[in-house]
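Here is a short note for your reading of this model. Please keep the structure open beside the numbered points.

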Amino acid sequence: MRYYSEMSDDKPLSESAAEARLGVALDALGHAPGDTPLADNALRGARQVLLAFKMALLSREVATDEHEPPQEPR
């Protein structure tokens, strides 16, 4: 499985693009447990870290949106 086909460029990412990629990484990990304690702990830890980063970006996005005046449509 390849999840990086459209993600192979080296351009800087916006916060929303980074959040989206973290979501893709979470989806790629899925919910299946590891078949050994080490694999299970690694997967659980990876899911927790990815989710924490994703939530941090989302909360910043919400906080920023709340403090910015509405933009006029272009």
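1. The accessible surface of the protein, computed by the Shrake-Rupley method with a 1.4 Å probe, comes to about 6,300 Å², and 59% of that area belongs to carbon and sulfur atoms. Of the 74 residues, 14% count as buried, where buried means under 20% relative accessible area, exposed means over 50%, and partly exposed lies in between.

2. This is a predicted model, in which local features need pLDDT of at least 70 and side-chain atom pairs count only at pLDDT 80 or more, while totals for chains, interfaces and linings use all residues. Residues are numbered from 1 along each chain as its sequence is written, and side-chain values use heavy atoms, with hydrogens and water left out.

3. The structure holds three salt bridges, a salt bridge being a side-chain nitrogen of Lys or Arg within 4 Å of a carboxyl oxygen of Asp or Glu. One of them joins glutamate 15 to arginine 60, with the closest N and O atoms 2.7 Å apart. Glutamate 15 lies in helix H1 (residues 15-29) and arginine 60 in helix H2, so this pair ties together parts that are 45 residues apart in sequence.

4. Lysine 54 pairs with glutamate 19 in a salt bridge whose closest N and O atoms are 2.1 Å apart. Lysine 54 belongs to helix H2 and glutamate 19 to helix H1, so parts 35 residues apart in sequence are tied together; both residues are buried.

5. Aspartate 40 forms a salt bridge with arginine 44, the closest N and O atoms being 3.0 Å apart. Aspartate 40 itself counts as buried, at 16% relative accessibility.

Methods. Buried < 20%, exposed > 50% of the residue type's maximum accessible area, 1.4 Å probe, protein only. Helix = DSSP H or I, 4+ residues; strand = E, 2+ residues; numbered from the N terminus.
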